[in-house]
Amino acid sequence: MGADRRYAYGAAAGLLGDLLLGDPRRGHPVAAFGRAAAAVEGALWHDHRGWGALHTTVCAGGAVALGALAARVVRPSPAASVALTAAAAWSVVGGTSLAREARTIGRALAAGDVEAARARLPHLCGRDPQALDADGIARAVVESVAENTSDAVVGALVWGAVAGVPGLLGFRAVNTLDAMVGHKSPRHRRFGWAAARLDDVAGWPGARLTAVLAAAAGDDPRGAVRAWRADARRHPSPNAGPVEASFAGALGVRLGGTLSYGGRVEHRPVLNGAAGRPVRADDIDRAVRLSRRVGLLALGTTVAARLLVTGVKGLKGHGK
């Protein structure tokens, strides 16, 4: 069994594991990585970009090296290689937990329990829930579903297709580091710069594929493409912009606008403002279903691309 087929079977098994089981309740590998990264930060922290770059290199590089070593150890056994890929994919893909949290908030909003929705929102994103009414919470959830479809599902599958287990682990490590230190707090404004920039680079291909697949799988493909082309570049994030704009157009809603993070107010551009309507509670479930379709399409697309590239290389090799 070739390496590409091993990856294809393992990635499919890992995504199926996530669909059926969700994240591990205890001992999640990403949580373990977070604790290790926090310990490294405690040892290396200085208010300087160079020290932050070293922190990012040690943590992300360590994850990639661990993945490469594990893949090398199991290489002689096709079954072990598939199992390792499946375990890695299951541990880094978070689509089911994303859907579960979003739908929990959606059910609270549908029942009119805004306080319960506010209490649950921090499990999904970093918005200040007390600054949001019911519609604002619904909008925050849809935006988080869109962005995390790229960060927690599609981006990992892209880098897995490129580099196998090291790609899966490395992408998730970079994304986790960005969440930990890549924000503009006084402590991390300089120290987290490298993690934030690396996350922008690593997330670029997955974000564009997410936007394409959201347009293809959504209710309004033309609207998704129109919103992406018109509004994505206005978003402050180079990767969240295409994803959120495409989701907004595909769902026929407006995203963006004023939001609050820990008391810091941001005024972001409205996405799909001309054609979209305000987000409602029932749009949360629509966004989750779209996210699911995008994740499955991403698996098929990335695996097919990997097999195609290998096939083309094989034909060129035979031609020589």
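This is a predicted model: local features need pLDDT of at least 70, side-chain atom pairs count only at pLDDT 80 or more; totals for chains, interfaces and linings use all residues.

Visitor: How are α7 and α10 oriented to each other, roughly parallel, roughly perpendicular or oblique?
Guide: The axes of α7 and helix α10 (residues 240-251) lie 9 Å apart, and the two helices pack at an angle of about 125 degrees. Angles of 65 to 115 degrees would count as roughly perpendicular and those over 145 as roughly antiparallel. The angle therefore makes the arrangement of α7 and α10 oblique.

Visitor: Which hand does the crossing of α7 and α10 have, and how is their contact made up by class?
Guide: The crossing of α7 and α10 is right-handed. On the α7 side the contact is made by V142, E143, A146, E147, T149 and S150, and on the α10 side by A240, V243, E244, F247 and L251. By class, the contact of α7 with α10 has two polar residues, three charged ones and six nonpolar ones.

Visitor: How do α8 and α10 lie to each other, roughly parallel or roughly antiparallel?
Guide: The axes of α8 and α10 come within 8 Å, and they cross at roughly 5 degrees. Since angles under 35 degrees count as roughly parallel, the two helices α8 and α10 are therefore roughly parallel.

Visitor: How many nonpolar residues does the contact of α8 with α10 have?
Guide: From α8 the contact draws on A207, R208, T210, A211, A214 and A215, and from α10 on P242, V243, S246, F247 and A250. Two of the residues in the contact of α8 with α10 are polar and one is charged, while the nonpolar ones number eight.

Visitor: Which hand does the crossing of α7 and α8 have, left or right?
Guide: The axes of α7 and α8 come within 9 Å and cross at roughly 130 degrees, which makes α7 oblique to α8. The hand of the crossing of α7 and α8 is left-handed.

Visitor: How do the residues of the contact of α7 with α8 divide by class?
Guide: Residues of α7 in this contact include V154, G155, V158, W159 and F171, and those of α8 include A202, G203, P205 and G206. Two residues of the contact of α7 with α8 are charged, seven are polar and 14 are nonpolar.

Visitor: Which residue forms a salt bridge with R187, and where in the chain does that partner lie?
Guide: Side chains of opposite charge can pair when their charged atoms come close. R187 forms a salt bridge whose closest N and O atoms are 3.0 Å apart, and the partner is E41. The pair links distant parts of the chain, 146 residues apart, with R187 in the loop between α7 (134-181) and α8 (193-217), and E41 in helix α2 (residues 29-44).

Visitor: Is E41 buried or exposed?
Guide: R187 has a relative accessible area of 38%, so R187 is partly exposed. The relative accessibility of E41 is 9%, and because buried means under 20%, E41 counts as buried.

Visitor: Which helix holds both R118 and E115?
Guide: R118 forms a salt bridge with E115, the closest N and O atoms being 2.5 Å apart. R118 counts as buried at 15% relative accessibility, whereas E115 counts as partly exposed at 48%. The two residues R118 and E115 are three residues apart, about one turn of the helix, and both lie in helix α6 (residues 114-120).

Visitor: How many salt bridges are counted, and which residues do shared partners join into one network?
Guide: The count comes to 15 salt bridges, one of them between R280 and D282, where the closest N and O atoms are 3.3 Å apart. Salt bridges that share partners make one network, and it joins D219, R277, D283 and R286.

Visitor: Is H55 buried or exposed?
Guide: H55 is found in helix α3 (residues 49-74). Leaving aside neighbours within four places in sequence, H55 is in contact with residues including A37, V40, E41, L177 and F191. The relative accessible area of H55 is 1%, so H55 is buried.

Visitor: Which residue has a positive phi although it is not a glycine?
Guide: The residue lies in the loop between β2 (264-267) and α11 (282-319), and it is buried, with a relative accessible area of 6%. Its phi is about 60 degrees, and the residue is N272.

Technical notes
Residues are numbered from 1 along each chain as its sequence is written. Side-chain values use heavy atoms; hydrogens and water are left out. A salt bridge is a side-chain nitrogen of Lys or Arg within 4 Å of a carboxyl oxygen of Asp or Glu. Helices (H or I, at least four residues) and strands (E, at least two) are DSSP runs, numbered from the N terminus. Buried means under 20% relative accessible area, exposed over 50%, partly exposed in between (1.4 Å probe, protein chains only). Axes are lines fitted to C-alpha atoms, for helices over the stretch in contact, and angles run from 0 to 180 degrees between N-to-C directions. A crossing is left-handed if the near helix is turned anticlockwise from the far one by less than a right angle, and right-handed if clockwise. Contact means heavy atoms within 4.5 Å. Ala, Val, Leu, Ile, Met, Phe, Trp, Tyr, Cys and Pro count as nonpolar, Asp, Glu, Lys and Arg as charged, and the others, Gly among them, as polar.
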